[in-house]
Amino acid sequence: SYAPSALTGTVRYAAPNGSNTSGCTASDPCTLARAVSQTTAANSTIVLAGGLYRDQANISISGSGRNGLKL
């Protein structure tokens, strides 16, 4: 259990029904693929809403901008 308001650094929000054009915010979550592609700062966090993330395969999480990425 954690408090999302306590997260520091860049925080993006993804949901199974998220949009490819949203801002990746708590009130407007994006797809997991978009959240990863929008994450460029090390030690960032992607908060995942519960559910099945279908049709979101082959997501690459690599590169120095993704060091310490937390899901």
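## Basis

This is a predicted model, in which local features need pLDDT of at least 70, side-chain atom pairs count only at pLDDT 80 or more, and totals for chains, interfaces and linings use all residues. Residues are numbered from 1 along each chain as its sequence is written, and side-chain values use heavy atoms, with hydrogens and water left out.

## Nonpolar core

The largest nonpolar core has 8 residues: Ala14, Cys24, Cys30, Leu32, Ala35, Val36, Ile46 and Leu69. Such a core is a set of buried Ala, Val, Leu, Ile, Met, Phe, Trp, Tyr and Cys residues joined through side-chain atoms within 4.5 Å. Buried means under 20% relative accessible area, exposed over 50%, and partly exposed in between (1.4 Å probe, protein chains only). Helix α1, residues 32-38, supplies the largest share of this core, 3 residues. Helices (H or I, at least four residues) and strands (E, at least two) are DSSP runs, numbered from the N terminus.

Which residues does Ile46 touch, leaving aside its neighbours within four places in sequence? Its contacts (heavy atoms within 4.5 Å) are Arg12, Ala14, Leu32, Ala35, Val36, Thr39, Leu69, Lys70 and Leu71.

## Val36 in helix α1

Val36 sits in helix α1. Leaving aside neighbours within four places in sequence, Val36 contacts Ile46, Ile59, Ser60, Ile61 and Arg66. Leu71 is 35 residues from Val36 along the chain, and their C-alpha atoms are 9.9 Å apart.

## The disulfide

The structure has 1 disulfide. It joins Cys24 to Cys30, with an S to S distance of 2.1 Å. The criterion is a pair of cysteine sulfur atoms within 2.5 Å. The torsion about the S-S bond of Cys24 and Cys30 is about 110 degrees, so this disulfide is right-handed.

Both cysteines belong to the core described above. Cys24 is buried at 3% relative accessible area. Cys30 is buried too, at 0%.

## Ser22 and its polar contacts

Ser22 lies in the loop between β1 (11-19) and α1. A polar atom of its side chain lies 2.9 Å from the backbone oxygen of Pro29. The Ser22 side chain also reaches the backbone nitrogen of Cys30, at 3.3 Å. Cys30 is also one of the two disulfide partners.

Leaving aside neighbours within four places in sequence, Ser22 contacts Asp28, Pro29, Cys30 and Arg34.

Technical notes. A polar contact is a pair of N or O atoms within 3.5 Å; within protein, one must be able to donate a hydrogen and the other to accept it, and residues adjacent in sequence count only if both atoms are side-chain atoms.
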